[in-house]
Amino acid sequence: MADLSGLLSGRTDWRRGIAAPLRSFLRTEAGSSGVLAAAIVLALLWANVSPATYDEVWRTDFSIALGGDHLSLDLREWINDGLMTLFFLVVGLEARREFDLGDLRDRSRLLLPMLAGIGGMIAPILIYLAFNAGGPGAHGWGVAMSTDTALALGLLALVGRGVPDRVRVFLLTVFVVDDLLALVVIAVVYSENIAVMPLAAAIVAFAIVLTLAILRVRKAWLYVILGVLMWAALLRSGVDPVVAGLAIGLTAPAYSPGREQLEEATGLFRLFREQPTPELARSATVGLTATISPNERLQYLYHPWTSYLIVPLFGLANAGVTIDAAFLGRAFTSPITLGILVGYVVGKPLAVTSVSYLVDRLSRGRIRPGVGWAAVAGSGTIAGIGFTVSLLIATIAFDGAQLAEAKVGLLSAVVVASALTWTVFTAAKRLSPPKRAMALLGNAEQLTDLTDPVDPEVDHIRGPEDASVTLVEYGDFECPYCGMAEPTVRALLQDDDLRYVWRHLPLSDVHPRAQIAAEVAEAAAAQGAFWEMHDLLLSNQDRLQPKDLLQYAQQLGLDVDRLHEDVMRHAAAGRIARDVESADISGVSGTPSFFVNGQRHYGAYDVETLKQAIKVARARARITRG
């Protein structure tokens, strides 16, 4: 049973990134925030124990020469201008994925996060300028505007334990806009002495990248060469070269692999299995790779590196500041420190909450946050954490004492914003269950992933028809993962407010007996014994030969001749084809795939994970019925 639990709590290889625009991203960002926090602490310790070596190490020059040309930057510049380009590549990839597969795929839902994101930048900037207008620190207003999504998500997991995933999704959706605008500000405001010819070369290189992406050219080396040329041209032009990463990331489309693509890839692999030649190996590799979107492949390649190495290295190289009592006394009376601190911990939550409220009111409820108002407030407070992009802007805008004061403001905002977020979510948890559900989940209509709604006249249903939660599974009787998920479903059906629906998705390219098993189940359904046959088939997945299937019919006391005749004339083929078509339309390409009240369930399908998803769906259903 332990082995079974381990398998169920993981992801099958083909499901890892299919149409799951946020879950994997959230887990990586939350986990890496601890590494970033450790890097910040280490930088502070290093800068205070040995300030001379801290500065000396990061100012070490490193040069690359090619013929008569050379590029020389110190280590901190290589990190800030070089490695951080990959971080912003991931930002661009995530923004594109959110537009293609996330909540923003419904363009009508773009308005609220766009306005909340913009408002969440303008308010802190205005507060910062209120402290610094006319002073020497006024030009550093860009430091106070951007949320560190990675650190915010990680600390939200820490201070907001038990908060529904939907809250994290809302936070990420809003601050996709934040990240994009912050990069525009860096490119436009914090770039000086622009050289026109290198900038034109960078634009040409990007135009070629965009053209190749539209034509779906899959030559990785072309994109690498063009990306490096674009980065170098921007560096020469005076525009911050990290913009290259964002621009290229936005060109990478995200999509779920279609069942036909997967079947074609399976065919290529079978050819290789029959005749393992280098040519067929390459063909199979290309076919398998083509089923996964460029966006997902790039995320898989770069996201762990940026989250666990590049961003923490950036923090280590830039967060160090020598602190003593005299300095802190000056810093906390400095307009720069106070503008950043107040801008983040007051301006961010005030703007996110008020803008969301105004959009809801002005649209008369047609456009509202996808979460409750406590969650909106908590998202606003945790958005008061600005580090990565803000510190990057600070290193451009300031130096010396001003840079040190900016660092103190950013680090202080992390602490205060975390405390405020803990307070908001702790207060929400103390509400009665109905009020807590409303405060965290809200009553906005959710996007429905299941395009073909459950029909009691057609679908196979277990459990009460009036249950508040419906669990739909697309399954294959020969799929071993479906067999392993069956005990989980049985345990869930102990819930008397849950109905369970089975829909057929026979993966005939990998499971040759899945189609006939589905037809036998439908033939049994014609005699009123679908669920009995369903249970037998999943319990005997290694024995699905025709003689075994007829034996099961006999075991159930069915009319074997009638069942045999129905299967021979494929009486249920059309019924099964309808299930397969509904799976295709709903973006399902593998089994088992679960939907909870019409929303796709991603990730683990063990009892506890699905119970939590059902609990959230039930709370939302009660609010809707409310």
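Leaving aside its neighbours within four places in sequence, which residues is F398 in contact with? Select F398 and you'll find Y128, G137, H139, G140, V143, I336, L403 and A406, where contact means heavy atoms within 4.5 Å.

Before you move on: this is a predicted model, where local features need pLDDT of at least 70 and side-chain atom pairs count only at pLDDT 80 or more, while totals for chains, interfaces and linings use all residues. Residues are numbered from 1 along each chain as its sequence is written, and side-chain values use heavy atoms, leaving out hydrogens and water.

Next, colour F88, M230, I340, I382, F387 and F398, the residues with the most contacts inside the largest nonpolar core, which has 103 residues. Such a core is a set of buried Ala, Val, Leu, Ile, Met, Phe, Trp, Tyr and Cys residues joined through side-chain atoms within 4.5 Å. Buried means under 20% relative accessible area, exposed over 50%, and partly exposed in between (1.4 Å probe, protein chains only). Now show helix α7 (residues 165-188), which gives this core its largest share, 12 residues. Helices here are DSSP runs of H or I, at least four residues, and strands are runs of E, at least two, numbered from the N terminus.

Time for rings: the whole structure has 12 aromatic pairs. Rings of Phe, Tyr and Trp (its six-membered ring) pair if their centres lie within 6.5 Å; planes under 30 degrees apart count as stacked, over 60 as edge-to-face and the rest as tilted. Pick W78 and W231: their centres are 6.2 Å apart and their planes at 20°, so they're stacked. W78 sits in helix α4 (residues 75-100) and W231 in helix α9 (residues 220-237), so the pair ties together parts 153 residues apart in sequence.
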